[in-house]
Amino acid sequence: MNRSALAPLGLLALLAATAAAQAADSASGAVSLENVDFTVVDGLAFANREGLAISLSSTDFDKQKMRKDGKVDIFDRMRHSGQVVSINIDKGKPTMCVDYAFQEGDTASSGSYCETGVADAVEITRLDDNRVAGSMNWNNGKDTTIEVTFDLAIEPDGK
């Protein structure tokens, strides 16, 4: 086979690699909240109530374990042992609250921030049935900063 005949195969391989790279999940950034500071290393998006939760963690999510029952939900996120911030997106409404769950040894804390400016700090650049992408850049002027980006597959909800 001559080189010109191989060129289309090389192009197909390059396109396939590019598509795979675009489909890969990514989550990054930094969180400083409730005297806990962490770097985001993993993300997870799943159906939650009437919308979507975008959970960002200081440690890798065990997605294989979470998927064992056919769905990923809030209970899977609650069993995760890392520091987690969740951006909640309601269908047709702006984001109003950010939830957090922190674990330090035997001490756990959780809560929500529902303040002015939270909705304006979230920018969604892609949202369809399969993926969500965007960022959050929020500083409440006190001791809370969330500067993160994400591009995540949405986990099946088991329905």
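Where in the protein is confidence lowest, and where is it highest? I checked this before anything else. The model is predicted. Helix α1 (residues 3-23) has the lowest confidence, with a mean pLDDT of 45. Strand β10 (residues 145-153) has the highest, at 96.

Over residues 9-22 the pLDDT is below 50. Beyond near neighbours in sequence, that stretch makes two contacts in the model. Where pLDDT is low, predicted coordinates should not be read in detail. I left that stretch there and noted the overall score. The protein averages a pLDDT of 82, and 83% of the residues score at least 70.

Next, the sheet. I traced five strands in an open sheet, in the order β2-β1-β10-β9-β8. Their pairing is antiparallel. β2 (36-39) and β8 (122-127) stand at the edges with a single partner strand each, so one side of each has no neighbour in the sheet. From one strand to the next, the twist averages 10°.

I followed one pair further. Strand β9 (residues 131-139) and β10 run antiparallel and are joined by nine bridges. N139 has T145, in β10, as its bridge partner.

Last, a pocket. Which residues line the second largest pocket? I listed D60, F61, D62, K65, M66, D76, R79, H80 and S81. The volume of this second largest pocket is about 180 Å³. Helices α2 (63-66) and α3 (74-79) each supply at least two residues of its lining. I sorted the lining residues by type: five are charged, two polar and two nonpolar.

Notes
Residues are numbered from 1 along each chain as its sequence is written. This is a predicted model: local features need pLDDT of at least 70, side-chain atom pairs count only at pLDDT 80 or more; totals for chains, interfaces and linings use all residues. Side-chain values use heavy atoms; hydrogens and water are left out. pLDDT is the predictor's confidence in each residue, from 0 to 100. Helices (H or I, at least four residues) and strands (E, at least two) are DSSP runs, numbered from the N terminus. Contact means heavy atoms within 4.5 Å. On a 1 Å grid over the protein atoms alone, a cavity is a set of points where a 1.4 Å probe fits but cannot get out, and a pocket is an open set with protein on both sides within 12 Å along at least five of seven lines; lining residues have an atom within 4 Å of a point. Grid points are joined across faces, edges and corners, and a volume is the space filled by probe spheres set on the points. Ala, Val, Leu, Ile, Met, Phe, Trp, Tyr, Cys and Pro count as nonpolar, Asp, Glu, Lys and Arg as charged, and the others, Gly among them, as polar. Two strands pair if DSSP finds at least two bridges between them. Axes are lines fitted to C-alpha atoms, for helices over the stretch in contact, and angles run from 0 to 180 degrees between N-to-C directions.
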